[in-house]
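Please look over the sequence and the three-dimensional structure shown below, and keep both at hand while reading the report that follows.

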Amino acid sequence: IEAAALATASAALGIGWLHLVFKPLALAIAIFFAARRAMAAGTVTRFDGLLLAGLAASLAGDVLLMGPATLFVPGLVAFLLAHLAYIALFSMGVGMFPRRGVLVATLLIGAGMYAFLWLGGLPAALRIPVAAYVVVIACMAAQAIGRAAVLHATDPSARWVAVGACFFMLSDSLLATNRFVTPLPLASLWVLGTYYAAQMLIVRNARPRAWSKT
């Protein structure tokens, strides 16, 4: 939490060297604790592997997006892979997209956001990569919300995972708006604040309550 706060504050205040340290450190710490918990249990399960894959891909995306504009698409791909890992993670025990109405809703929201970016000046070279990313993150959010709907009675923490997924969509929407449509005031604060909230909610709450002692 402290590393995420320092990464967010340093970006908002324009302290570049501090941001370069703490932005990757925040996810690296999350990976360390997730890996330590998996090893303490004596075996790395599919759950642990998918969570670590999502975090590792997110860390790669963080690093790439700190680089020059030419690394934007590789960074986008890294986060797309993170969302695919989270989709697989959130499907464990509930299946793929258990609430189809939710999937339709998130895809419609994604389509609306994509249209907003297109009309706002999304570069032609980025239209296909961004479209693919929008579909995947909308599916990730739908999977998390559907999971929460299925598990609400037995695992209330699933709701926080769904909140985290929605924060992820919000963070990326703010980032894209600031980058392609119009500069937002204190953009780094809102983009990174919602992003780190999303990751923390997912990491802290994704493990099903029934496994909490395993």
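## Threonine 194 and its surroundings

The side chain of T194 reaches the backbone oxygen of V191 at 3.1 Å, which is a polar contact in the sense used here (a pair of N or O atoms within 3.5 Å, where within protein one must be able to donate a hydrogen and the other to accept it, and where residues adjacent in sequence count only if both atoms are side-chain atoms). The model is a predicted one, in which local features need pLDDT of at least 70 and side-chain atom pairs count only at pLDDT 80 or more, while totals for chains, interfaces and linings use all residues. Residues are numbered from 1 along each chain as its sequence is written, and side-chain values use heavy atoms, with hydrogens and water left out.

T194 has its place in helix α8; helices here are DSSP runs of H or I with at least four residues, numbered from the N terminus. A second polar contact, of 3.5 Å, joins the side chain of T194 to that of S171. With neighbours within four places in sequence left aside, T194 is in contact (heavy atoms within 4.5 Å) with F167, L170, S171 and L174. Is T194 buried or exposed, if buried means under 20% relative accessible area, exposed over 50% and partly exposed in between, with a 1.4 Å probe and protein chains only? T194 is buried, because its relative accessible area is 12%.

Helix α5 covers residues 100–120, and its 21 residues reach 30 Å from the first C-alpha to the last, close to the 30 Å expected at 1.5 Å a residue; the expected span is 1.5 Å times one less than the number of residues. The buried residues of α5 are L103, T106, G110, M113, Y114 and L117. Seen down the axis of α5, these residues fall within an arc of 105 degrees, so they line one face of the helix; the arc is that of the directions from the helix axis to the C-beta atoms. An α-helix has 3.6 residues a turn, so residues three or four places apart point the same way.

The buried residues of α5 pack against α6 (127–151) and α7 (157–181), whereas the face turned away from them carries the exposed residues G101, L108 and L119. After α5 comes G121, whose phi is positive, near 115 degrees.

## The nonpolar cores

A nonpolar core is a set of buried Ala, Val, Leu, Ile, Met, Phe, Trp, Tyr and Cys residues joined through side-chain atoms within 4.5 Å. The largest one has 53 residues, and those with the most contacts inside it are Y86, L89, F90, V130, M140, F168 and Y196. Its largest share, ten residues, comes from α6. Apart from this core lies another, of five residues, among them V94, A148, L151 and A162.

How many salt bridges does the structure hold? There is one, a salt bridge being a side-chain nitrogen of Lys or Arg within 4 Å of a carboxyl oxygen of Asp or Glu. The side chains of R207 and D48 meet in it at 2.8 Å, N to O. The pair links distant parts of the chain, with R207 in the segment after α8 (187–205) and D48 in helix α3 (residues 46–65), 159 residues apart. Both R207 and D48 are buried.

Methods. Helix = DSSP H or I, 4+ residues; strand = E, 2+ residues; numbered from the N terminus.
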